[in-house]
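Subject: Structure handover

Hi,

Here is the structure I promised to pass on to you. Have a look at it first, and then read on for my notes.

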Amino acid sequence: MRAKHFVEQTSLIQEKCAGSQSTRRGLKMKDVTGLFVAVLLILLETAGGTKPNSGYCFGNQCFAVIKDPSDFTTAQKQCSDNRGHLMTVRSSVSHDMLYILLGNTTWRFWIGLHLSSGCPDSDPAAADGLRGFQWVTKDGQSDFSNWAPSFDSSCSAHRCVSVSRENDFKWTQEPCGGQALGFLCEYSFTEPCKSLPAAEGESVTYMTPMGLGGEDLLSLPPGSIATRVPSETKYVCFSQQWLQAPWNCEIAEGGCEYKCAVDPKHVPSCYCPTGQNVSPENQVTCEVLPDHPCLNLRCEHACYQNGDVFACTCDHGFKLAADGHSCVDVNDCTDERQCPGEEFVCVNTVGGFMCVCKDGYRSSGALCTDENECAAAPCEHMCTNTPGSYTCSCYPGYQVDPQDLHRCKLHCGEEECAAECDPNDPFQCYCPDGYVAEERGNRTFCLDIDECESYYCDQGCENTYGGYLCSCNRGYRLVGEYRCEIIEGYVDTSTPPPPPTTTTTTTTAYVPPTRRPSGVSTGAFVAIIMFTTFFIVLVVCLLHHLLNRTGKMQSAGALKAHEGEDHGLHHVTSDT
């Protein structure tokens, strides 16, 4: 749908009305504005839904017959979609209308009478005759009743009402969820137009905004279109008067057969495809006219006559190009007034624009309302709705995962903290990244890992809780979070320049170093310590072994000497 430029288009209609005949005299600015409020709403908002099969209009009302099998609720909705409601038969005049509408049809049709709550009134002599039922207009006023003799006053009785010619249009109770073969809609309006007089050999056909058409409509609601046949001149009903086409281009293409455009004087006019021209008789239909001046102009959209001169013009949302016959799109969104409200965004389209809701908002009628994204549970832990968006947060002991803002991960933030353990399995515990688990009795704790001790970084390293940060020396840059590479062309300006040399005739030959200074790296130093320790331990073990062996030999010699003394004593004793 094209966006509506009310102020601009009001002036268009005003100029159009100013140059018309008696049917347009006396229109005031407020009437012209009313054309937009009333006609546009009727024409554009009531479009759609099931079209009537037949109907009748008189006074300030139209009644439509729709042959579409539906339950009561669906029938009422289809009527309300076209700004009407199920028919109310409040008087004998309305009852007589049933004979006109349904003729010889024997189908059952819903009318707008139902029991919304409670039980039916068992007293047939009730004041309003509705016996507890209500019209869909939510009132119980009625000067007429026509209940079927089979009326059921029990609390389990059916609560909706249908009529049929077969039953002499008696009000018959039906289950609301059941299907009647059709329904009757009623539409009310103000400032209707009377039917147009038709000359001899001429007829007038009508089409109402709710889709009801024909030749025998006596009263037409605003927005109805009348077409004279055979001239095909068109009119639109507005404020009890008929305005001849072309009218405002925003309303049903101004009544044009092909398309509608406005000339530089803001007067709407019809135009036709290439090779055809607008009929001079009705100003809306297209016909082939040879040797017409517009044919040589090759206008992309429309050709209009200004006095004796013919020129090209363009449709809404376009402007005439420099070549005088082509049309280029106008970016309507450059005008900030097109889509007022902070929640709207203007989207330019070819020949127009659209007002759409920003992300995080949804359309609600003519407004954009904040959409509660938290209802869809996008966050792993907690969700907070904000205007046009939402934020995720985490339970204590967790933080939002920077890789996925919808998820949470374990977080400590200290050198050590209690582990997160499964309540059903105390031995199944978890620690945040960068921590290691340590059991202490029947509890498990998470201790921060000093990654810098593992030499993850090429040069500088700073340990953090749950992680570490690498840095590079001057003249290097960090690559891939831990690797340092030299910066080509880097000049260290932090070292002061050498003092200026004084002029002298003495020169000193450069003597290169005789050897490269030795140096011990950290790893070599650790290896030396380990080797020294190992050597000392080995020497101690050898000495201990030698001492043990010497002691055993001395013990064996002493034992043999003792045994010799015992043996000599034994011989002495025997001799004696």
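Let me start in strand 8, where C185 is the bridge partner of L86. Before going further, a word on the ground rules: this is a predicted model, in which local features need pLDDT of at least 70 and side-chain atom pairs count only at pLDDT 80 or more, while totals for chains, interfaces and linings use all residues. Residues are numbered from 1 along each chain as its sequence is written, and side-chain values use heavy atoms, with hydrogens and water left out.

**Around strand 8**

Strands (E, at least two residues) and helices (H or I, at least four) are DSSP runs, numbered from the N terminus. Two strands count as paired if DSSP finds at least two bridges between them.

How much of strand 8 is buried? Six of its seven residues are, so strand 8 is largely enclosed by the rest of the structure. Buried here means under 20% relative accessible area, exposed means over 50%, and partly exposed lies in between (1.4 Å probe, protein chains only).

**Cores**

Some of these residues turn up again in the largest nonpolar core, which has 28 residues; L86, W110, F183, Y206 and W242 have the most contacts inside it. Strand 2, helix 3 (72-81), strand 8, strand 10 (203-207) and strand 14 (234-238) each supply at least two residues of this core. Another core, of 24 residues, lies apart from it and includes Y56, F63, I111 and V161.

**Helix 4**

Helix 4 covers residues 92-102, and S94, H95, M97, L98, L101 and L102 are buried in it. These residues span an arc of only 150° around the axis (taken from the directions from the helix axis to the C-beta atoms), which puts them on the same side of helix 4. What do they pack against? Their contacts (heavy atoms within 4.5 Å) are with strand 1 (54-58), strand 2 (61-66), strand 4 (109-114) and strand 8 (182-188). The face turned away from the buried side of helix 4 carries the exposed residues V93 and I100. Just after helix 4, G103 takes a positive phi of about 50°.

**Disulfides**

How many disulfides does the structure hold? There are 22, counting pairs of cysteine sulfur atoms within 2.5 Å. Here are three of them.

- C79 and C185 have their sulfur atoms 1.9 Å apart. The torsion about their S-S bond is about -80°, so this disulfide is left-handed. C79 lies in helix 3 and C185 in strand 8, so the pair ties together parts that are 106 residues apart in sequence. Both C79 and C185 are buried.
- C256 and C270 also form a disulfide, with sulfur atoms 1.9 Å apart. At about -80° about the S-S bond, it is left-handed. C256 sits in the loop between strand 15 (241-244) and strand 16 (259-262), and C270 in strand 17 (residues 268-271), 14 residues apart. C256 is buried at 8% relative accessible area, and C270 is buried at 5%.
- C472 and C484 have sulfur atoms 2.0 Å apart, and with -90° about the S-S bond their link is left-handed. C472 is partly exposed, with a relative accessible area of 24%, whereas C484 is buried at 11%.

Best wishes

Methods. A nonpolar core is a set of buried Ala, Val, Leu, Ile, Met, Phe, Trp, Tyr and Cys residues joined through side-chain atoms within 4.5 Å.
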